Amino acid sequence: MNRILLYSICEFDQNLRIEQYLRRQGYSRQNLTELKKMPDSVRVNGENCILKKYLSAGDELVVYIQETECSEKIPPVNLPLHIIYEDEDILVVNKPAGLPMHPSMKNYHHSLANALAWYYQQQGKPFVFRCANRLDRDTSGLTVIAKHMLSANILSAMGYRHEIGREYLAVVRGTVVPSSGTIDAPLSRREGSIIERKVDFESGERAVTHYVAIEEKNGHSLVSLHLETGRTHQIRIHLKYLGFPLIGDYLYNPDMEHIGRQALHSYRLRFSHPITKERMDFTAPLPEDMQNAFGWQNCIHEN
């Protein structure tokens, strides 16, 4: 993707080298290395400059991000794509259940990445798949994708600092007791499996999930979950650890009476825009399979 970014240098930032100033704006060292490879990528007051040039108050710095390569091994495929929001820097998509995030050896042509590769191919734009919050194949809902190297780096750093608010809705059987709380239980890979995880207080990585049971109907509870960390299968393992595993989870609770996939939905994303710093807040309603299976057709959750 191509992107033009303009910066007005104030007195606080004068006497910084361009590379120092850009690091303060969220550019990684790798980003700066890539900029050096791009023709005429940095200009000050209309003149091409090297990154070691010093800046003065009142200078107009322009950065031209010029990306020409596409993700390797992601063939474009015309698949349904539900875009919630798009601008020059990010893309927010409501992913359906059953769609993996990216291709795999056994599933090379049916993923969100394939769909996005097609979407941008039709516009004549190069596209590298850079997702900030990955969802399991059978988890539906919101995910945010960066459209160029800078937004990708900033979103990645925000995720590492736990600055992307993620709320999920899940369905479990029975009455959740206690009705709210925090699950602080470290996770590690289960021995002999490359997929499954388990609670492991000896050598696991810290994982924290905050939950609230928000409604009970037809013998099931709808639970809101806020992730403080983002470990693989975190919600699935933590709810099982609590004693209320996800309905329809083929790995950890194959209870398929009402739904044929894990009843988990990425309902809300909240974060500061990586470039403009504007506060962003997106929601996606429960998908039809979760509404119909458990009787929450009119459920509108606000928190």
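Visitor: Which side chains meet in a salt bridge with an N to O distance of 2.9 Å, say for Arg130?

Guide: Arg130 pairs with Glu67, 2.9 Å from N to O. A salt bridge here is a side-chain nitrogen of Lys or Arg within 4 Å of a carboxyl oxygen of Asp or Glu. This is a predicted model, where local features need pLDDT of at least 70, side-chain atom pairs count only at pLDDT 80 or more, and totals for chains, interfaces and linings use all residues. Residues are numbered from 1 along each chain as its sequence is written, and side-chain values use heavy atoms, leaving out hydrogens and water.

Visitor: Is Glu67 buried or exposed?

Guide: Glu67 is buried, at 10% relative accessibility. Buried means under 20% relative accessible area, exposed over 50%, and partly exposed in between (1.4 Å probe, protein chains only).

Visitor: How many salt bridges does the structure hold?

Guide: There are 22. One of them joins Asp13 and Arg24, with the closest N and O atoms 3.4 Å apart. Another joins Lys147 and Glu86, at 2.9 Å between the closest N and O atoms. Lys147 is buried at 7%, while Glu86 is partly exposed at 29%.

Visitor: New topic: what does His109 touch?

Guide: Not counting residues up to four places away in sequence, His109 touches Pro75, Val77, Leu79 and Asn114. Contact means heavy atoms within 4.5 Å. The C-alpha atoms of His109 and Val77 are separated by 6.5 Å, though these residues sit 32 apart along the chain.

Visitor: And how exposed is His109?

Guide: His109 is partly exposed, with a relative accessible area of 45%.
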